[in-house]
Amino acid sequence: MTQRIRRFLERPGSLDLSAFNRTVAEAGAREERIRALDELPTPSTDDLAEFCAIAREAAHRALGLRPYDVQLAGTLAMLSGNVAEMATGEGKTLSGAMAAAGYALQGKRVHVISVNDYLARRDAEWMGPLYEALGVSVGWIGQTSTPEERRAAYAKDVTYGSVSEIGFDVLRDRLATDVADLVVPAPSVALVDEADSVLVDEARVPLVLAGASDPGDAVPEMAALVRQLVKGYHYEIDDQARNVHLTAKGIDTVEQALDVTLYDSAETLTEVNLALHAHALLAKDVDYIVRDGRVHLINPSRGRVALLQRWPDGLQAAVEAKEALPASETGEILDSITVQGLITRYPEKCGMTGTAVAVGDQLREFYGLKVAVIPPNRPCVRVDEPDRLFEYRMEKDLALVEEIVEVHATGRPILIGTLDVAESERLALTLSGRGLECVVLNAKNDAEEAEIISRAGERGALTVSTQMAGRGTDIRLGEGVEELGGLYVIGSGRHTSSRLDDQLRGRAGRQGDPGGSVFFVSGEDELIAHYVADEYAKGVPERSLVGHAQRVAEGVNMEIHRNTWRYTRLLERQRGLVLERRDRVLRDRVAGDALAAAVPERWAELVDDLGEEALREAARQIVLFHLDRCWAEHLAYLAELREGIHLRALGRLNPIDEFHKDAVPAYERLLAEIESRSVETFRTAAVTADGLDLEGAGLKRPTATWTYLVQDNPFGTEWDRILNRLTTKLRRR
């Protein structure tokens, strides 16, 4: 009855699996007949039971893997346009491959979207024989793929790639000036691996394409200045550690050191605030690492280096100055896309992950996806102990080490999940002092992750790791480990998301193996200090408080996601219209027709000298340039508008309504500006038999483009920042 009510209310994870189970049973009845065939026929999804039976036998012959019934159910859930929640070790990779093949056999081009390049390549190569057996071609792209390799991979029936690489390819295509330069075909089906990480965690980080890059402008003297300031005296940090501001004494100290009046010099004030943010709020080996002379951000949801990710240019330069590194290049944003904007391009979407129910509301709200909870092939017998709670972090750390020493002495393998790189290295050093050598997996050595993880279940293994989300490798138990209780997972603290805790726990107890898990939590942990500081009185925190802190943190992250989408939804519509226009200009004769109609005398004059095709190509390049130039200016205007829009809340106006009120006429001006600039250039540009002299006409495109991801709210919300600025001014007065 409860499940029927939840299904009626469309609660996450309440999707009815009975139809999938019936189809799987029918496939089982056909298994013996299919197995007897010398050669497998090409299956069709018109008969899903037959498709499942053939796919199962193909997997057995090609990979030596016979899919379980629950794996077929997961495949059917994805073929029905859902996100399949399947526990760690239940064979999501194979289920996803069969679903991707099913879509491909319907004549649809499928992109299997992963969290990183390693998993994309591994899964494409691993599942390759299965695809071949089913008559489906497969390819993959990675960060090092050339344009030719990318074009070839996208031409396959199924293409594996990370969400960032596919997104960057889409952005680069938006600057193509010739149809032959396009790489990504029209979207059809997106099958998202680690769907919660990609669709929720990554959705807060827009992908950016920049051009006309210049050396960054770091301010080393600002970094040296703020390094001398004292927390609590010169500056204060808010309870959530998202904002920092100078005190009245701090303002006086900075003004004396720089011989300026801060609030009369906006540029200097910005430089000081950026340096202070980098100094006080961003910690080395927690938020970023320094490797090969560069700052590399750490993805907070996966604990590994976030390739190509960076903060906005000013903050990036401030962190580089803090670490005494040369400033990296900066440039103008030519275009950007959110993960949500990228995924919603696909007419059909589905996915898989081990932890989808917790974000089921977001998957439905933002992507229209429902969650199908697939039961495990064997019941989970892992023993999840209650959290061990302490008042002080030092108490927790001592108890954690003692627990590791005691359990390790029995030979039972242990996997310790830490919250950041610095903690993993501190713990490894402490254990070494106790005579225990461990293997460390964190953002500094993630290239070796597969081998490290695969051996974590061996007798006596001691593995310390940051986030386990998206690691993508099963942990199999070594000889004699079952008798010891299986893999023992220890969390050094609760994450801000319960999903990350569940992903860590899920490394133990795969496929009915024995296992155990426990988390150590203190009242000084950041989760409690940042999200429920006002509700926590000194003493050992109650378990209910820890759960409440996670719910608050998850609510904050969901609001960031929702707020990002509120502001970008209109922008995505405008972008879609501009791209439709650009595609017509790129592929058709609309540019020449428009300019011939606008300046008929000039057209007639040039067409006799150059010929119509050469003139149409020149017209195309003129319009494409101005369309791209005006769009970049439009993005810059909207970014500036959004940054200050919350000031209007002081007048009791709705910031988002006000943003839309200004963004709509700005778009109309954009269209008019493209036309007027194109006409003016066509009137005056030198067009010869050799074609259009773009640079001579002032139409200089960027000499290079580069891609990165940018934190959308590095300083908290705009409203938080404005309140802090106002508060600081009032304090100073």
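Is E403 buried or exposed? In this predicted model, E403 is buried, because its relative accessible area is 13% and the cut-off for burial is under 20%.

The protein holds 26 helices and 25 strands. Of its 733 residues, 54% count as buried. Among contacts between residues at least 6 apart in sequence, 74% join residues that are at least 24 apart.

Strands of a sheet pair through backbone hydrogen bonds, in either a parallel or an antiparallel sense. Here, an open sheet of 7 strands shows parallel pairing, and its order reads β3-β4-β2-β5-β14-β1-β15. At the edges stand β3 (138-140) and β15 (371-373); each has a single partner strand, so one side of each is left without a neighbour in the sheet. From one strand to the next, the twist averages 20°. Helix α8 (residues 163-173) packs on this sheet, where it touches β2 (110-114) and β4 (158-162). The direction of α8 makes about 105° with that of β4. Within the sheet, β1 (residues 83-85) pairs with β14 (residues 348-353) over 3 bridges, in the parallel sense.

Side chains of opposite charge can pair when their charged atoms come close. A search of the whole structure finds 48 salt bridges. In one of them, E403 joins R388, with the closest N and O atoms 2.9 Å apart. This pair links distant parts of the chain: E403 belongs to helix α16 (residues 393-408) and R388 to strand β17 (residues 388-390), 15 residues apart. While E403 is buried, R388 counts as partly exposed at 26% relative accessibility.

Helix α16 also contributes R393, whose side chain meets that of D525 in a salt bridge (4.0 Å, N to O). D525 lies in the loop between β22 (515-522) and α20 (526-531), so the pair ties together parts that are 132 residues apart in sequence. D525 is buried at 6% relative accessible area, whereas R393 is partly exposed at 35%.

A further salt bridge connects D502 and R505, with 3.0 Å between the closest N and O atoms. Both residues lie in helix α19 (residues 498-505), 3 residues apart, or about one turn of the helix. In this pair D502 is partly exposed, at 38%, and R505 is buried, at 11%. Elsewhere, salt bridges that share partners join E26, R30, R33, D47 and E50 into one network.

Note on methods
Residues numbered from 1 in each chain as written. Predicted model: local features only at pLDDT ≥ 70, side-chain atom pairs only at ≥ 80, totals over all residues. Heavy atoms only, no water. Pairing = 2+ DSSP bridges. Helix = DSSP H or I, 4+ residues; strand = E, 2+ residues; numbered from the N terminus. Axes fitted to C-alpha atoms, helices over the stretch in contact; angles between N-to-C directions. Contact = heavy atoms within 4.5 Å. Buried < 20%, exposed > 50% of the residue type's maximum accessible area, 1.4 Å probe, protein only.
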